[in-house]
Amino acid sequence: MQAPSDSYDYVVVGGGTAGSVIAARLSEDGAARVLLLEAGVDRSPPGAALPPAWPTLVHTEATWGDSTVRQEATGTTALLARARLLGGGSAINAMSFLRGHRSCYDAWESDGARGWGFDDLLPYFKRSETTVGRDPALRGTDGPLTVAPAQPPHPVIAALLCASTQTGYRRASDISGGTEEGFGCTDLNIVDGRRQSAADAYLTPSRHRANLTVLTEALVHRLDVRDGRCTGVEYSTPGGTARVGCCGEVVLTAGTIGSAQLLMLSGIGPPRHLREMGIAVAADLPGVGANLQDHPICNVVYSAARPVPAGSNNHGEAAGLVRSQPGLDGPDLQMIFVDSLGHIPGVDAPEPGRVTPSESP
Ligand SMILES: Cc1cc2nc3c(=O)[nH]c(=O)nc-3n(C[C@H](O)[C@H](O)[C@H](O)COP(=O)(O)OP(=O)(O)OC[C@H]3O[C@@H](n4cnc5c(N)ncnc54)[C@H](O)[C@@H]3O)c2cc1C
């Protein structure tokens, strides 16, 4: 299907986590014509709504099938899971809902990103969520995403939380809120035993709006930049290629990698590299495509001394935020407790009683 109009007030590129939120919020204004373009399909892989199944989703067609280049440290490549479906990462991810610690946002601000400190962002965090029984000064009570800790926690998680207290760490009452350190049960995007993606929370209730068009299987190739202004995008669907104009704003929400890739394909980036690739330079922005920071998982694997019941949530119901050394402004390590080994791709079972640090899956 092609976009029914040839010009929109807003064109949102990428219908993932951020794109679902932005398209839904922008189309609240009934006078604004909003087009959301998503490269992936409008359906989740079988079982995607069932929380314990999430590790299997990274091996389905719901991703771009990427892997890294060979890593110097290991000599191997690693899976680079990147979602490709409506809802994006939120439709395949592990459903842990943590804001990140306030010190991280405050560091952004002190590095020059004015307006991005924790206190600036707090109203938006709150607006996104519904929580129950939390401090309403810190947590939202009527947002689209309903989040809560697993109840009751998996027995392995309960034991690990107990052990963390015994080793002297603080037990956090709301580790997802962004102001505490220590160990605690995280909130999960799970409602009535099923995943709640950003598409479920934001797009589904908005799809009936006449001013919102959602086009899936629409791969954007280029942003059309004329006289220093983005005036539309070029994309293809199974039906062919098309251009759509935009008289307002084109919003890039194609993910960390996809957004940078599209900017560079459109001539926005480091000029030398663009010329090497035969791309005409539209804007000299050397930072585009640089400084990717990822968080490979480092597994420390324990065999259980006795049988462990199957996990019924996301296999990672608790987290620890700790400082690797005193004197830091905030926690720099995030630990996630996983209740089940069998579901982690690429991780071998250790010998009973042994601890095995393993590579990133
Ligand atoms: C396996 C896995 C587990 C994770 N677990 C967690 C977790 O438990 N908790 C957590 O907070 N985060 C988790 N994350 C990370 C989280 O899901 C991402 O940070 C988040 O989804 C990023 O949102 P985004 O909107 O920037 O990008 P995405 O959600 O990736 O959305 C980008 C969208 O743009 C589309 N797109 C890209 N290029 C184009 C193009 N050229 N044309 C059209 N469309 C395009 C993609 O198909 C995709 O749907 C996990 C991620 C993965 C992959």
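1. An oxygen atom of the ligand is placed 3.2 Å from a polar backbone atom of Leu85. The ligand, taken alone, exposes 1,000 Å², and the protein buries 76% of that; these accessible areas come from the Shrake-Rupley method with a 1.4 Å probe, and for residues only the protein chains shown count as cover. The structure is a predicted model, in which local features need pLDDT of at least 70 and side-chain atom pairs count only at pLDDT 80 or more, while totals for chains, interfaces and linings use all residues. Residues are numbered from 1 along each chain as its sequence is written, and side-chain values use heavy atoms, with hydrogens and water left out.

2. The elements that give two or more residues to the shell around the ligand are α1 (17-26), β13 (219-226) and α7 (255-265). Helices (H or I, at least four residues) and strands (E, at least two) are DSSP runs, numbered from the N terminus.

3. Which residues come nearest to the ligand? Of the 27 residues around the ligand, they are Thr17, Ala18, Glu38, Gly89 and Ser96; a residue is near a molecule or strand if one of its heavy atoms lies within 4 Å of it. The shell divides into 15 nonpolar, ten polar and two charged residues. In this division Ala, Val, Leu, Ile, Met, Phe, Trp, Tyr, Cys and Pro count as nonpolar, Asp, Glu, Lys and Arg as charged, and the others, Gly among them, as polar.

4. The chain has a mean pLDDT of 92, and 94% of its residues reach 70 or more; pLDDT is the predictor's confidence in each residue, from 0 to 100. Over residues 352-361 the pLDDT is below 50, and this stretch has 28 contacts in the model beyond near neighbours in sequence. Contact means heavy atoms within 4.5 Å.

5. The loop between β4 (79-80) and β5 (96-97) contains Met95. Met95 has a positive phi of about 65° although it is not a glycine, and its relative accessible area of 1% makes it buried. The cut-offs are under 20% relative accessible area for buried, over 50% for exposed, and partly exposed in between (1.4 Å probe, protein chains only). Ala94 also has its place in the loop between β4 and β5. Ala94 touches Trp54 and Asn314, not counting residues up to four places away in sequence. Ala94 and Trp54 are 40 residues apart in sequence but 6.1 Å apart in space, C-alpha to C-alpha.

6. Most residues other than glycine have a negative phi, and most peptide bonds are trans. Asp192, in the loop between β10 (190-191) and β11 (194-195), has a positive phi near 50° and is exposed at 76% relative accessibility. The peptide bond from Gln151 to Pro152 is cis, with omega near -10°; Pro152 is found in the loop between β7 (145-146) and α5 (155-166).

7. Not counting residues up to four places away in sequence, Gln196 touches residues including Leu145, Asn189, Val191 and Ala201.

8. Strand β13 contains Asp224, which is buried at 6% relative accessible area. The side chain of Asp224 makes a polar contact with the side chain of Arg226 (3.0 Å). A polar contact is a pair of N or O atoms within 3.5 Å; within protein, one must be able to donate a hydrogen and the other to accept it, and residues adjacent in sequence count only if both atoms are side-chain atoms. Leaving aside neighbours within four places in sequence, Asp224 is in contact with Arg229, Cys230, Thr231, Gly232, Val233 and Arg243.

9. Helix α7 has Gly258, Ser259, Ala260, Leu262 and Met264 as buried residues. What covers the buried residues of α7 includes β1 (7-13), β13, β15 (240-252), β16 (268-269) and α8 (271-276). Just after α7, Gly267 takes a positive phi of about 85°.
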